[in-house]
Amino acid sequence: MSKKILEIKELKREFLVGSETVRALKGINFEVDAGEFVTIMGSSGSGKTTLLNILGCLDKPTIGDYFLDGVDVKKLSRDELAQLRNHKIGFVFQAYNLLPRTTALENVELPLLYNKEISAAERRDRAIHALESVKLADRFDHTPSQLSGGQQQRVAIARALVNQPVMILADEATGNLDSRTSYEIMALMQELNTVQGKTIVFVTHEPDIASFSSRTIQLRDGRIQKDTRNENKKNAKEVLDNLPVTDDY
Ligand SMILES: Nc1ncnc2c1ncn2[C@@H]1O[C@H](COP(=O)(O)OP(=O)(O)OP(=O)(O)O)[C@@H](O)[C@H]1O
Ligand SMILES: [Mg+2]
């Protein structure tokens, strides 16, 4: 049996807005095994980002349980939670969230600055290695404005990898990218999943993107509507290889 990396039970998240309560998540249950590649789908406002923020320990549920790698998140202090998050989770956002006027290498080094046990030399080595793994070895000194959208997202993925997390959480990470570049990002995600064994939870509203994962959880109005295995998981590298070379995808 595989190891459970995530386990959530009867998870609810409510937001108080003025005198009104917004029920963003209304009782969510699921488990993710180590090494799975899960996409979370659902229309705008269905609760995807709210759920991902809780999975990433950036937010807490109003009620319900969340076990991350067997640890009951509710029982952790702020510092313990921050530590757990830094060690286990890498985040990738739609808007890349890179620091402007800061090189790719420095952006990737950033999460390691909080770790006093890592020397400046090791920090640099690990950032170099992470950028190489997303195939940006030739762009270390470029700032975000000197990079394409896809390259900026790869820098963001390298930054998510630099702490060697067991799990990558991505929120619409291909949302601002054209098809070809999106497939490149999905090929990279599939490689991280199969070669490095990273668990991936990837939010998207595009069925095309979800077809590269092995399981899709469909949210609707704060609840799970469907949770299905993708029998015909597509290989992003193959899709890329078969794209015509000169088209304007
Ligand atoms: N901080 C907040 N305060 C109040 N309401 C919120 C807050 N965050 C989310 N909501 C509400 O919770 C619901 C779910 O929002 P969420 O951002 O999770 O949706 P989503 O599925 O990510 O949508 P999208 O595809 O547009 O990103 C929405 O109705 C939203 O208005
Ligand atoms: Mg969202």
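Is the crossing of H5 and H6 left-handed or right-handed? The crossing is right-handed. The close-ups below come from a predicted model.

**View 1. Helices H5 and H6 pack against each other.** Helix H5 covers residues 149-161, and helix H6 covers residues 179-194. Their axes lie 10 Å apart, and the packing angle is about 20°. That angle makes H5 roughly parallel to H6, because angles under 35 degrees count as roughly parallel.

**View 2. Residues from both helices make the H5–H6 contact.** H5 supplies Gly-150, Gln-153, Arg-154, Ile-157 and Leu-161. H6 supplies Thr-181, Glu-184, Ile-185, Leu-188, Met-189 and Leu-192. Sorted by class, the contact of H5 with H6 holds six nonpolar, three polar and two charged residues.

**View 3. Four strands form an open sheet.** The order is S2-S1-S4-S5, and the pairing is antiparallel. Strands of a sheet pair through backbone hydrogen bonds, either parallel or antiparallel. Which strands are at the edges? They are S2 (20-33) and S5 (71-72). Each of these edge strands pairs on one side only.

**View 4. Strands S1 and S2 run antiparallel.** S1 spans residues 4-17. How many bridges join S1 to S2? There are eleven. In this pair, Val-17 stands opposite Glu-20 of S2.

**View 5. Helix H1 packs on the sheet.** H1 is made of residues 48-55. The helix touches S1, S2 and strand S4 (63-68). The direction of H1 makes about 125° with that of S1.

**View 6. Asp-69 has a positive phi.** Most residues other than glycine have a negative phi. Asp-69 is not a glycine, yet its phi is about 55°. Where is Asp-69 found? Look in the loop between S4 and S5. Is Asp-69 buried or exposed? Asp-69 has a relative accessible area of 18%, so it counts as buried, which means under 20%.

**View 7. Asn-97 also has a positive phi without being a glycine.** Its phi is near 55°. Asn-97 sits in the loop between strand S6 (89-93) and helix H3 (104-109). The relative accessible area of Asn-97 is 40%. Asn-97 is therefore partly exposed.

Definitions and conventions. Residues numbered from 1 in each chain as written. Chains lettered and ligands numbered in written order. Predicted model: local features only at pLDDT ≥ 70, side-chain atom pairs only at ≥ 80, totals over all residues. Heavy atoms only, no water. Axes fitted to C-alpha atoms, helices over the stretch in contact; angles between N-to-C directions. Helix = DSSP H or I, 4+ residues; strand = E, 2+ residues; numbered from the N terminus. Parallel < 35°, antiparallel > 145°, perpendicular 65-115°, else oblique. Left-handed = near helix turned anticlockwise from the far one by under 90°. Contact = heavy atoms within 4.5 Å. Nonpolar A, V, L, I, M, F, W, Y, C, P; charged D, E, K, R; others polar. Pairing = 2+ DSSP bridges. Buried < 20%, exposed > 50% of the residue type's maximum accessible area, 1.4 Å probe, protein only.
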